Each structure stands twice: as C-alpha cells, then as structure tokens.
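This report is written for a reader who has not seen this structure before. Please look over the sequence and the model before reading on.

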Amino acid sequence: MSKKALLAIAVAVLIPLVFYAIARQYGVAMPRRYYPDSVVTKIKDGKEMTDTVWHRVANVSLKNQLGEQVSLDQEEGKVFIADFFFTHCASICPILTRNMKRLQDGLKIRNEIKRVDTTFVRFLSFSVDPVRDSVPVIKKYADRNGVNPDVWWMLTGPKKTIYDFALNELKLGLQDSVSVDSDFVHTDYVALLDKDRVVRGYYHGTDTAELARLADDIVFIMLEKDKKRKSIFTELRPLMIPFIIVILGTILAVIYFSRKQKKNESI
C-alpha cells in the first residue's frame, strides 16, 4: 500500500474522532430541565456519581376537538407544546392561537422542504373554560383557526383535571414572570415538554421572538441523544487510543521501510 493511501486512511479515521472530541468539548447548550424530583447517588467503576431525576409530567386524558378521548400516554416518545385558551377570549387567546398556527405551519413547511420528520411534535391546547367549551364549540373554533387535528389537539374535559395539570404538573405558577390565578388560568405562556415529559422551557406565546426561540429548542431536543441508548462512540471509546496507535504505527513503519528501500536502491 502506498504512503498516500495510508495517509488518506489515517485522515479518514482521525478527522471524525477530532470532530467528535470538539463536539463533546464545545457542545451546543441544550434547553434546561425544570423541577428535579430527587438526586440518585450510585457507584460506577469505583466512582461515586450523582444523577438527577427530573419531574415527569403525569398523564392526562381529555377529549379533543373530534370528540376522541386522548391522552399523553398514547403519544409516547413525542415532544409536547402546551398552551391554555378559551374560545370566547377576546384578548390574548386569538393572538396565541394564531402564533401556534404559524408554528404548526412552519413545521409542516420544514418537513416538506428539508425532509425533516416533524411527526414527533404534538400541540396541546387546553380550554380553561371547559363548561362553555364543549366538543362542538372547540371543533368550530379549531376549524375556524386552521388547526390540524393530526398534530394539534384542542382539549376539553373536567375543569379540575385541566387545572391540576396546569398548576401541579406544568407548574405554571412557579415561574417568576407568570401570574396565574388558580381559579381561572389565563396566561399566554407555552410550555415545552421533551419525549420524557420533562418541562424544558416556557415561552410567551404572544411574542414572535419567543416563538422563534421555541422553534429552535424543538430542533435541539429532536437532536438530543437518548440517554438510555448507548452511543457508538461510547462503545468504541476503549478501542480508540489503541486504534489510533496502530494506524500511526503502520504509517510510520511504511514511511521507514519506504525510505530504507529507496536508500538501498540508490547504493
């Protein structure tokens, strides 16, 4: 094998390893996680390690605009974008719904142009006035606002179920800038949940800049590694150094013997 061929192999092997190391060292800052439930201490390879158990939002089951009983559990592995509205709201709700519609359409365009799988996203809009917002009422509202039921559920059901979810699971009232009346949840805040149903962010749904940040965070979460699955680099890490040594040793050996051969030919 020629020196050029060996150098090409070395470059092909070493460049991915270098980029991997750089990515680990200067990785993109992912959206933060909210609400640790506990911290678990364990021993791994003789070292004490701590792992945070984050609050997983509980399942909720309600009726959507099609009259179907739906739940978070049936959408396992999806990212959720949740907001709260009521159909006769004349202040923030129309703006919020309009901006959510733009986000829904933006993901569809991204899917068609860049061939990105956006089926992992589920929009959830909870009515905070479910007594007045029956299924036919939210269906009419959804149709009027261009809501696609394949990706966006408008939900109604028992008021206690909806309010418990907003206050005790999404914990809207714990945010410094959120003023939430426990008797009537009326907020423009949108919550982002990852595929483990952990809260990853809150965004003002009436602010287009905030919605742009939400769109970016959705992409980051989509690219996020699944901690339960081992990376190929994790499995190969113990072999990396010996592999690099073998490659470099082979290159040096070929160069040495090539030079020796040329020297002998010149004598």
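Predicted model: local features only at pLDDT ≥ 70, side-chain atom pairs only at ≥ 80, totals over all residues.

How many salt bridges does the structure hold? The structure holds 10 salt bridges.

Glu75 lies in the loop between strand S4 (69-71) and strand S5 (79-85). With a relative accessible area of 9%, Glu75 is buried, because buried means under 20% relative accessible area. One salt-bridge partner of Glu75 is Lys78, with the closest N and O atoms 3.0 Å apart.

Arg122 also forms a salt bridge with Glu75, at 3.0 Å from N to O. This pair links distant parts of the chain: Arg122 belongs to strand S6 (residues 121-127), Glu75 to the loop between S4 and S5, and the two are 47 residues apart. A polar contact of 3.0 Å joins the side chains of Glu75 and Arg122 as well. Arg122 counts as buried, at 5% relative accessibility. Apart from neighbours within four places in sequence, the residues in contact with Glu75 are Phe80, Arg122 and Trp153.

## Asp129 and Arg132

Another salt bridge is formed by the side chains of Asp129 and Arg132, with an N to O distance of 4.0 Å. Elsewhere, salt bridges that share partners join Glu75, Lys78 and Arg122 into one network.

## The largest nonpolar core

In soluble globular proteins, nonpolar side chains tend to be buried together. The largest nonpolar core in this model has 53 residues, and those touching the most other members are Ile81, Phe84, Phe126, Leu170 and Leu214. Strand S5 gives the largest share of this core, six residues.

Which residues does Phe84 touch, not counting residues up to four places away in sequence? They are Leu96, Phe126, Val128, Ile162, Phe165, Ala166, Leu170, Leu172 and Thr187.

## Cysteines without a disulfide

How many disulfides does the structure hold? The structure holds zero disulfides. A disulfide is a covalent bond between the sulfur atoms of two cysteines.

Cys89 is buried, with a relative accessible area of 8%. Cys93 is buried too, with a relative accessible area of 1%.

Helix H3 covers residues 135-144, and its buried residues are Ile138, Tyr141 and Ala142. These residues cover an arc of only 100° around the axis, so they lie on the same side of H3. An α-helix has 3.6 residues a turn, so residues three or four places apart point the same way. Exposed residues on the other side of H3 are Pro136, Lys140 and Arg144. Just after H3, Gly146 has a positive phi of about 70°.

Val137 is found in helix H3 as well. With a relative accessible area of 32%, Val137 is partly exposed. Leaving aside neighbours within four places in sequence, Val137 is in contact with Thr87 and Arg132; Arg132 is the residue that forms a salt bridge with Asp129. Val137 and Thr156 are 19 residues apart along the chain, and their C-alpha atoms are separated by 9.9 Å.

Where is Tyr35 found? Tyr35 is in the loop between helix H1 (3-25) and strand S1 (36-44). Its phi is positive, about 65°, although Tyr35 is not a glycine. Tyr35 counts as buried, at 15% relative accessibility.

Arg197 is a further residue other than glycine with a positive phi, near 65°. The place of Arg197 is the loop between strand S8 (189-193) and strand S9 (199-204). At 4% relative accessibility, Arg197 counts as buried.

Definitions and conventions
Residues numbered from 1 in each chain as written. Heavy atoms only, no water. Disulfide = S-S within 2.5 Å. Buried < 20%, exposed > 50% of the residue type's maximum accessible area, 1.4 Å probe, protein only. Helix = DSSP H or I, 4+ residues; strand = E, 2+ residues; numbered from the N terminus. Polar contact = N/O pair within 3.5 Å; in protein donor to acceptor, adjacent residues only side chain to side chain. Contact = heavy atoms within 4.5 Å. Core = buried A, V, L, I, M, F, W, Y, C linked by side-chain atoms within 4.5 Å. Arc of directions from axis to C-beta.
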